[in-house]
Amino acid sequence: MYRHFLLYQGYAEDQTLACVLLSHEEGFKTPEEAMESFYGFLRSRAEILASDWDPCCEQVRREHPDASYCMKCGFSLERPDIVDELVVTVWENIWTGTIDSLGGKFWEAMQDVGWAFGEGIGWRFGKAAAIFRADQYFDRPDGNTLERLLWEDIRT
Ligand SMILES: [Zn+2]
């Protein structure tokens with residue numbers, strides 16, 4: 001089972017030197033299954049962000065349930081696509097974040113679905129894969145999915 005994943009961002013000369021290391025306690029048969037699982041986790045966090053309205057928008061939604069935009073800040077109150085955008089934000093928060101900036105609830109939610117940062121259960125258990133261009137894979141404005149997942153084995 002694949003349990004360890006080293007996620008890179010960028011392409012060619014722009015590929016990052018640092019990586020995000022993820023592990024999963026159960027593991028997956030393929031890196032594709034694993035990254036779809038992690039995408040699902042990012043998406044669940046994005047849905048929480050999307051439901052967290054600014055006070056002005058919340059007030060406009062309450063007083064004018066049919067409004068399409070917030071009359072105070074101009075933000076769209078119809079958010080069918082915003083979850084997709086926020087997935088990228090959540091990923092960037094991981095990329096640039098710290099233990100404190102992500103917060104305890106984030107860690108707990110991640111552990112609830114078996115994911116952890118770092119090597120988790122230990123390197124000697126399970127297969128490892130490098131995931132390239134993770135930023136592109138998690139950004140799905142056109143609904144693309146697995147054809148953008150680029151990976152190779154680190155250890156089989
Ligand atoms: Zn507003």
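Helices α1 and α3 are roughly perpendicular to each other (angles of 65 to 115 degrees count as such), because they pack at an angle of about 115°, with their axes 8 Å apart. Axes here are lines fitted to C-alpha atoms over the stretch in contact, and angles run from 0 to 180 degrees between N-to-C directions. Helices are DSSP runs of H or I with at least four residues, strands are runs of E with at least two, and both are numbered from the N terminus. The model is a predicted one, in which local features need pLDDT of at least 70 and side-chain atom pairs count only at pLDDT 80 or more, while totals for chains, interfaces and linings use all residues. Residues are numbered from 1 along each chain as its sequence is written.

Contact means C-beta atoms, placed from the backbone, within 7 Å. Residues of α1 that meet α3 include L42, R45, A46 and L49, and those on the α3 side include I82, L86, V90 and W91.

Helix α1 itself spans residues 31-50. Buried in α1 are P31, A34, M35, F38, R45 and A46, where buried means 20 or more other C-beta atoms within 10 Å of the residue's own. They cover an arc of only 120° around the axis, so they sit on the same side of α1; the arc is that of the directions from the helix axis to the C-beta atoms.

L22 lies in strand β2, residues 20-28. L22 counts as buried because it has 24 C-beta neighbours inside 10 Å. Apart from neighbours within four places in sequence, L22 is in contact with F5, L7, F38, W115 and F117.

Key:
The expected span of a helix is 1.5 Å times one less than its number of residues. A residue is buried if 20 or more other C-beta atoms lie within 10 Å of its own, exposed if 12 or fewer, and partly exposed in between; C-beta atoms are placed from the backbone. Angles under 35 degrees count as roughly parallel, over 145 as roughly antiparallel, 65 to 115 as roughly perpendicular and the rest as oblique. Two residues are in contact if their C-beta atoms, placed from the backbone, lie within 7 Å.
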